[in-house]
Amino acid sequence: MTNIKKISLILQWTFGLYLILLPLASVFFWILSVFLPLKGTFMGELFDQGVFDITTRALGKTYSLYGQDFSWTARLLGLVGDFTHDFFKWVAAFFTFSLLKLYAQGDLFSQKHVHFFKRIGQCMLLYGTFGLVVGGSILGIAVTFDNPPGERLLSISFGSPNIEMIVGAFMITLVGWITLEGFKLRSEQDLTI
């Protein structure tokens, strides 16, 4: 039981850090990176040599945001696309953080667990069907927004990553149902004399 508590606490801190860094990374990449004069600095040299890179994935390709001269409209679209893409991941991470908090306290079976598993599954389902599709489409518009007319792209795709998320969502929902049945069985045993 102590190992479960320790590992849950470590994972809780990891997901807490993820909850903070995920939106901050999007804001930094699309907005704040414009105001940081990296050219001619040590960090700029690392970016120029390819050691670090600020990238986004859209239209089946990876686009580098470092050194790109996106318009503010394109940057705001990119930020909206990132937030649309990452919103359901962020909410699922919040529910996972809450679930791990219960485990860290030694609470292994309760109705709260079922609630959190259900919400995580729903978030993954929405991420696979809405977040990946709409967020990816908005990111595709953002990275090609400054292209001349006729070279701007809109792409709506549904593929393997979407299906993997949907299958994962159903599996997590199933774990929630199994947890609920375990909670009911334990409650019945507690009432048995």
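Select Gln111 first: its relative accessible area is 52%, so it counts as exposed (over 50%; under 20% is buried and anything in between partly exposed, with a 1.4 Å probe and protein chains only). This is a predicted model, in which local features need pLDDT of at least 70 and side-chain atom pairs count only at pLDDT 80 or more, while totals for chains, interfaces and linings use all residues. Residues are numbered from 1 along each chain as its sequence is written, and side-chain values use heavy atoms, with hydrogens and water left out.

Gln111 belongs to helix H4. Display the C-alpha atom of Leu180 as well: it lies 6.6 Å from that of Gln111, although 69 residues separate the two along the chain.

Next, select helix H4, residues 111-144. Helices (H or I, at least four residues) and strands (E, at least two) are DSSP runs, numbered from the N terminus. The 34 residues of H4 should span 50 Å at 1.5 Å a residue, and the end C-alpha atoms are 47 Å apart, which agrees; the expected span is 1.5 Å times one less than the number of residues. At Tyr127, H4 bends by about 45°, the bend being the angle between axes fitted to the seven residues ending there and the seven starting there.

Now select Ile120. Beyond its neighbours within four places in sequence, Ile120 is in contact (heavy atoms within 4.5 Å) with Ala92, Phe95, Thr96, Leu99 and Ile172.

Move to helix H1, residues 2-30. Its buried residues are Ser8, Gln12, Gly16, Leu19, Leu22, Ser26 and Trp30. A kink of about 25° can be found at Leu21, shortly before the proline Pro23.

Finally, show the whole chain, which has 5 helices and 2 strands in the order α-α-β-β-α-α-α. Of its 193 residues, 37% are buried.
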